[in-house]
Amino acid sequence: MQADPPPPAPPSPAPPTSGGWAVVAAVATGVWAVLVAVPGQFVGWVVDQLALVSGLDRPVPVWPVVALVTVLLVGAPTLALALLPRSPAIRAVGRVWLAGAVALGALSLLRALPPVHQEAYLAALAATAALLTLAAGRLARRGAPAGAGPAPAGRFGSVALLALAAGLAMLLPWAWVGALGGALETVLAVLAAATLGALAGALLDAAFWARFAVGTPPRPARLVLVGGLVAGVTLVLLAAGAGQSGAQLPALFLLPPLGFVLGALEAAARRAGRPAGAAPVRWLVGLALVGPLAFADPEELTVLLATARDVPFWVAVGTGAAFAVAVLLAVGYGVLLARPGAGAPPRRLAGATAAVLLAAVAVVYVVPGRPGLHGERLLVVLREQADLTGLPAGAPGRAGRDARGAEVYRRLVDTAQRTQGDLRRELTRLRLHPTPYYLVNAIETDGGPAVRGWLSGRPEVARVLVSQRLRPLPAAAPPARGDAPAPTGPVWNVSLIGADRVWTELGVTGAGVVVGSSDSGVDGRHPALAAGFRGGDDSWYDPWEHRRTPGDRGGHGTHTVGSAVGRDGIGVAPDARWVGCVNLDRNLGSPAHYLDCLQFMLAPFPPGGDPFTDGRPGRAPDVLTNSWGCPPVEGCDPGALRPATAALAAAGILVVAAAGNTGPYCASVVDPPAPYPDVLTVGAVDRNRMVTDFSSRGPAAGGAAKPDLVAPGAGVLSAFPGGGYATLDGTSMATPQVAGVVALMWSANPALVGDLDRTRRILRDTAGPAGVPPGTDRCGGDRNLTGAGLVDAYAAVQAAMRAGDRA
């Protein structure tokens, strides 16, 4: 039996006016609110990014300050608008904007939580939005005007279904360009979007729209245009608080046009005789926010990934597409639902439209999208680490180094196997897919905050780190390509440190020494590098994509290996050989993948081999060049890789690492492994032997002087993928040159191989002067800027030869 149609709502009386000044004040206040809220969000994000790029601690007070300033600057005029005009409609506008400003302030405070703890942030966002919804609902019900009416009950009306369809249309671009995180992260993101939608519904409820429903029937133009504008400003304020730093930026574009969509839906509902209520607002706003909250990781919305077609690019594409959908919805719904004589379509048609769009979202997500969960993992560091004291001195040179390496490998593996068994079995039983490590006695595993809490409470666990995992892209970024021509002779930096004199005058070119590179990869076909690859089945490892042959999408690794061992005048030790491992993917890493490569360098293994049983310490490279650091945003803490570099040093493998590009700040050598005492840390100078502004400074933790040495790092030409060349700046460029100098020293005197103390001493004693620009902060002494000075390849190799003669 069909129910009788609901009675028409009583006509809404025209509200009393306060004169033109009130309208002008309302317009000015709305414009002011947008001009304060939107730039404030971009400023806060930029400050976060500048701190990240500069290597500084995240400025936690930034977002509380942004929240306070926004609430004060927006709250004051909206409070006046809520109290002073005679018109109830104008006062209602002031009240809803004031509520939006307060909500923005409360939600922005949550960004004090570190981005690495995304699940905790989303849970706090959902809880705060729910509390604000309860408060806003109570306040909004006071003094509701005639004609507000209750929302229809007992069935899902056609207007709500149209809102659902619109929300699904907004979700379509994100299902294509985005990727979900972990299971808990996804559930919390959807919950946070739903509660924010509920908050929008509490603010933009039937009582709100009644203020703009003038006449019988209500004039749709007033509802859509005026009500839509007011709703759009409200949604700007809500969008500014919807997401961690960076994730809210797409929402600032997506939500405001939906105000006009909601106005058209309300016009259709009132023409049918009853207000739409909060349900359409909840569905539309909630689904629109699922995209940026669930399908994009705020840690990947960073300028560190903005130089290629990476996550920032695809989020911009998704935002642009969703914005276009929002504008089309505003125009389409406005024309179809709010024109004179129009009404809402039958419920069956609205439901079919929503069902088709739901199926479209599912198909797009599964076919061109990236289905599945791509959440972060955890690195569980155990308390007991291998005892590497008392290693036999052994014979000098490579024979002794190989013997020590074999013993170090044995002790590390034995310790890991003895201490990890129970925990690995428990993690396997829980289907958390554990991956064991031995270089640091640790296990990488799936799991969110609950698993992290459980693991942290276990007696054998020292601490649990977040091991970042990049979400997949719709399409791989175009591989980097070098466009500079090959040099016609030794490049300036090779000549500056005297490496070319070592070749021509001393006859030493690095032959017999192997350099290991952990970086973005290596273009193994590059003419300057192809002949130097060691070859065999244990000279290349790619834990990210499991490629069997050397390759490099980003170019950074090709450039650094070229500066170490490249031919045609670009490399310091052109006849040394190289092996490679990929620890950076799209310019980001994780503690576990850094460990993957360092472990491979200690004991290489064949493709598909087990590092615990198939490692070959006798095939370890002699010196490692590492132009990377693991900051907190990637999951590392200061001690994350300390056992790894200690083990490599115990095995006689020299670890050379970049100081970082976070100068000119003092004490900026902070990201592992650069601060570690057993790592040879390298800063950068320019053509004039002056420390570059970007080169990180010491002292390191505990007051240790860092860097140890400096090398040319500004305007360095080296190999780049595709057979070309490129000029880059950074301590990344300086580091492989020092590794190349070590290769020359050990090639000249093989007895020095594995003798890290004598090698370091020779490098320090033979280093040349390096200058400090006038007015530079000396950071407690020049050694914290230049270390022992500029590496001198010619003097170092001469000293290495003399050391061989004395031996």
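Is R377 buried or exposed? R377 counts as buried, at 11% relative accessibility, where buried means under 20% relative accessible area, exposed over 50%, and partly exposed in between (1.4 Å probe, protein chains only). The structure is a predicted model in which local features need pLDDT of at least 70 and side-chain atom pairs count only at pLDDT 80 or more, while totals for chains, interfaces and linings use all residues. Residues are numbered from 1 along each chain as its sequence is written, and side-chain values use heavy atoms, with hydrogens and water left out.

R377 forms a salt bridge with D446, the closest N and O atoms being 2.7 Å apart. A salt bridge is defined as a side-chain nitrogen of Lys or Arg within 4 Å of a carboxyl oxygen of Asp or Glu. R377 lies in strand β1 (residues 377-382) and D446 in the loop between β3 (442-445) and α15 (449-456), so the pair ties together parts that are 69 residues apart in sequence. Helices (H or I, at least four residues) and strands (E, at least two) are DSSP runs, numbered from the N terminus.

A search of the whole structure finds 30 salt bridges. Among them, the side chains of D678 and R642 meet at 2.5 Å, N to O. D678 belongs to the loop between β9 (654-658) and β10 (680-685) and R642 to helix α21 (residues 642-650), so this pair ties together parts that are 36 residues apart in sequence. D678 is buried, with a relative accessible area of 15%, whereas R642 counts as partly exposed at 28% relative accessibility. A salt bridge also joins the side chains of R411 and E407 (2.8 Å, N to O). These two residues are 4 residues apart in helix α14 (residues 398-429), and are separated by about one helical turn. An α-helix has 3.6 residues a turn, so residues three or four places apart point the same way. Both R411 and E407 are buried.

Helix α18 (residues 556-565) is largely enclosed by the rest of the structure, because 9 of its 10 residues are buried. The buried residues are G557, T558, H559, T560, V561, G562, S563, A564 and V565. They pack against the strands β5 (514-519), β7 (577-582), β12 (716-719) and β13 (725-728) and against helix α22 (731-748). Two packed helices are described by the angle between their axes and the distance between the axes. For α18 and α22, the angle is about 35 degrees and the axes are 7 Å apart; axes are lines fitted to C-alpha atoms, for helices over the stretch in contact, and angles run from 0 to 180 degrees between N-to-C directions. The crossing of α18 and α22 is right-handed, meaning that the near helix is turned clockwise from the far one by less than a right angle. On the α18 side, H556, H559, T560, S563 and A564 meet S732, M733, P736, Q737 and G740 of α22. Contact means heavy atoms within 4.5 Å.

Individual positions were also examined. R471, in the loop between β4 (461-467) and α16 (492-496), is buried, with a relative accessible area of 3%. Leaving aside neighbours within four places in sequence, R471 is in contact with residues including A179, E185, D297, E300, H374 and R586. L104 lies in helix α3 (residues 88-109) and is buried, with a relative accessible area of 1%. L104 and V236 are 132 residues apart in sequence and 9.4 Å apart in space, C-alpha to C-alpha. Not counting residues up to four places away in sequence, L104 touches A37, Q41, T70, L237, A240 and G241. N587, in the loop between β7 and α19 (591-602), counts as partly exposed at 46% relative accessibility. With the same exclusion of residues up to four places away, N587 touches L304, L305 and E634.

On the surface, F42, F253, F323, V327, V331, V335 and L336 form a nonpolar patch with about 600 Å² of accessible area together. Patches are made of residues with over 30% relative accessible area and no salt bridge; like charges are joined within 9 Å, and nonpolar side chains (Val, Leu, Ile, Met, Phe, Trp, Tyr) within 5 Å. Accessible areas come from the Shrake-Rupley method with a 1.4 Å probe, and for residues only the protein chains shown count as cover. Helix α12 (residues 311-338) supplies the largest share of the patch, 5 residues. V327 is found in α12 and is partly exposed, with a relative accessible area of 35%.
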